[in-house]
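Me: I would like to go through some features of this model, one question at a time. Please give the cut-offs as you go.

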Amino acid sequence: HSSYSKYYAILSAIEACLGHLLKRRAAGFLRSDKIAALFTKIGKVYDTAGEVCRKVQEQLQQQADLTRTQSMGHEPLRRQGSSTTSRPPQPLSAQAIKHIWVRTALFEKVLDKIVQYIVDNSSKYYEREALMHDSVFGPILAALLVGPCALEYTKLKTSDHLWTDPSANELVQRHRIHGAHRSQDTIAGRRPALGIRKRQSSGSMSEDRFAASAREYVESLHQNSRTHLLYGKNNVLVQPKKDMEVLQGYLSLHQAGDNLTLKWTPNQLINGTLGECDLEKSIYWDYALTVPLRQIVCIHCHHPDCGGTLVLVSQDGIQRPPLHFPPGGHLLAFLSCLETGLLPRGQLEPPLWSQKGKGKVFPKLRKRSSAARLIDQDSNGEEQTAADYVFRIVYPGYHYDATTFFFLTSIPLKMLCQNMKRQIVSRAFYGWLAYCRHLSTVRTHLSALVNHNIVPPDRPCEASGGLSKEVWSKYQKDCKNYKELELLRLVYYGGVQHDIRKEVWPFLLGHYKFGIGKKDMGQIDAKISERYQKVMREWKACEVIVKQREKEMQSAIFAKLSSGSSIDSHVLRLVHRDSTLSNEVFMSVDEPDTGSQETPSAEDSTPTMTTLVPTAALPPEERPLVEFDSPDSGLPSSRNYSVTSAHSQILFEHRRRPEHGGGRGGRGGGQDSRCAGGASGLSDRGQSLTDVDNNVSFEQIELLDIVALNLHRIDKDVQRCDRNYYYFTAANLEKLRNIMCSYVWEHLEVGYVQGMCDLLAPLMVILDDECLAYSCFTQLMKRMSQNFPNGGAMDTHFANMRSLIQILDSELFELMQQNGDYTHFYFCYRWFLLDFKRELLYEDVFAVWEVIWVAPRISSRHFVLFLALALVTVYREIIMDNNMDFTDIIKFFNEMAERHDVQHILKIARELVHRVQSLMDNK
């Protein structure tokens, strides 16, 4: 990573090699930056170095402009959650500017070439004794730089502000390599966090207040009128957390009145290497130490001869992170300053010894040993001095005699034990209380997401094998062999064997009910077939007149255009609406939409006018009022209305009138059958467009307009529906169109929305029966229709997803908040809309859908939420390690589509459901 400390160490080492015995002429007589002078001089004769010089000048100019803009207070505003592709360039840190020449050459992957050029022409730039002039060391340095120049440094921006992060495949490979060397706790083993701890960021504190507090803290580390600086030492090492690299920092001891305070501050907060990055600053602020010495009881010193390690122990028995001093007697110097600062009220016990010519020294104490070893040591005249020391900080009384000495010195120990006991009990109680309150919150927010009755995978038998052909055959022979819940349990934990999916899926989707006989199944199929054929006749009859109207409308338009006369506003409005309104909720990446630019012909059923009448030329009242955004970008919009604007409301109210029949069962005697009859009659008579408008009622004209619009959209999507899958030949695509048109005919108040073909296609592949697929698709849409823009389920999914991650993985939730706050979870929009159909291979879609269908009876009605959470959990470490923001996570999951391990994701999803169910039962 570009902010890694070892990365800057490499840059410093390279600059030291390049600057060794550089000739004054090459380094510039008046220039303080020798590296800049060297690169500038080489850039005049070497094109590669010249290109680096040009990019460095651009970066420096950008930094100057950015500094000027910020000083004037014109900080560009950016909407929260907006795309990051248009972010302004971020200011470089002081370290980056210091090494900008070598840094830029390294990022451009040409540093090795430039160094090799310098080695080849070293006599022009270096003295004879210089490292670069050496015939061995110079070429070795150039060869060693080939490796670093081949690396990609993440989270860096090029001059056009585009991210240069690695691809999703590379991120997964990196995680597999590094993940093998570190232990990872399974998510099932974690308990929910007792609270969500938020670091301070720019969202909770203004930049001015943050900068002021940082300045005040750094100034307090130095001598001032309020506090006296007793001791200060840099490069003292501290390991703030386990499994974290050691940090260097500045250790200081301050005295204010009778109070002593010990402070340790990471170097990153002092030397300004972080620039203005508030996030990184907030992380390092968490690692800074401020310890009042009044709270410290004991000081442990280990190995003082090798620099030494100092451990502070508080009154409650808690140890502070160890402080590692560099070699050179710094630990002894710190203890000497501490002992001086404690006087006159306190002291170290045992005290440091004073030795002539050396000052303070560690007391020479014998190691404790057995009596026998002590006798042997005395007999040999040898002594073993201690290598580790324990000092107590005591505050003795000033007036006491020999009889009360033991009593006075024992009081602090008794108080210490009582305080520790009280604090341990208090912490345990408040921890338990916080956990109970947290569990109550969990139950409030998540109780409705899962079934409270846990169905185990191993009772009454192991269900991991799924619903096999043998089990299904036994059930068909006698329904009493297996209960319905047992069959659903087998499907939930193991799926359905592929050979019997065609038989099982109608039961899972509700076309058949479990337990019915073959005779009843035949009757149901006959009713569905009769209904399907009836609906087919209705919409096909309406389609005839729609095509007739479109042809006559098209002929009338071209006749008037050729004669130069104006076009009727009614005709223009119908054509324009048909050609411009879009139902798309996904952007097509396979082919451009050329439907509005095709040359009209006699066979064309979708007339167009966009090239003839632009939108701006229409009166304001006739312009389209609906826009449609694509959630492929992760940003669903409430403007994604399905089809019809006000016309669907007119139709819906008209079809609900009592005189037109009641409900869908009486559709043949209602508005649709009347429209179908009128359509067939009109097509038989071959009436002109004007005659149709005169003889058909206004409601029927609106109905024909809506049908025409939906047919156009269905034809458009059917032709591009999974065209690369072997099943979808021309004949099967025609069946898919028939089913889609039949469903939309029965649900014109909703109409067709892009994505419905994606839901129908897997059913067609498995069932391979037009009537059966139609019935099953109708059952499926009872749940899925609420996910489309006319329903309200999507907002509920986002809110529930937010609650789930906030409770089950607060660390990941905090990362999402800090990196642009994408806890709206819009990147899950396509997952929920299509039940992950576009994220998985076809074979995996079958397995996932089966589990989703049976989950409401077994574990949860919202199983798709746990699938989405499992998908995020699988790549959690990659998201965390690469500090992904909203754009990064959308790009990552788009690249990972159809490459997921579905069985592993299903397993994690089931574990997450069980985890929430266990929380409900407080197990």
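Me: In which sense do strand 1 and strand 2 pair?
Reply: The model is predicted, with local features needing pLDDT of at least 70, side-chain atom pairs counting only at pLDDT 80 or more, and totals for chains, interfaces and linings using all residues. Residues are numbered from 1 along each chain as its sequence is written, and side-chain values use heavy atoms, without hydrogens and water. Strands are DSSP runs of E with at least two residues, helices runs of H or I with at least four, both numbered from the N terminus; two strands pair if DSSP finds at least two bridges between them. Strand 1 (residues 228–238) and strand 2 are joined over eight bridges, and their sense is antiparallel.

Me: Which residue in the turn between strand 2 and strand 3 has a positive phi?
Reply: Strand 2 and strand 3 (residues 259–266) run antiparallel, with eight bridges; within this pairing, Ser252 has Lys263 as its partner. The two strands form a hairpin with two residues between them. The positive phi, about 70°, belongs to Gly257.

Me: How many of the 10 residues of strand 2 are buried?
Reply: Buried means under 20% relative accessible area, exposed over 50%, and partly exposed in between (1.4 Å probe, protein chains only). Strand 2 (residues 247–256) is mostly covered, and its buried residues number eight.

Me: Why does the pair of Tyr46 and Tyr117 count as stacked?
Reply: A search of the whole structure finds 38 aromatic pairs. Rings of Phe, Tyr and Trp (its six-membered ring) pair if their centres lie within 6.5 Å; planes under 30 degrees apart count as stacked, over 60 as edge-to-face and the rest as tilted. The Tyr46 and Tyr117 ring centres are 4.5 Å apart, and the pair is stacked because the planes are at 0°.

Me: How many residues apart are Tyr46 and Tyr117?
Reply: Tyr46 and Tyr117 are both buried. Tyr46 lies in the loop between helix 3 (34–43) and helix 4 (47–71), and Tyr117 in helix 7 (residues 111–120). The pair links distant parts of the chain, the separation in residues being 71.
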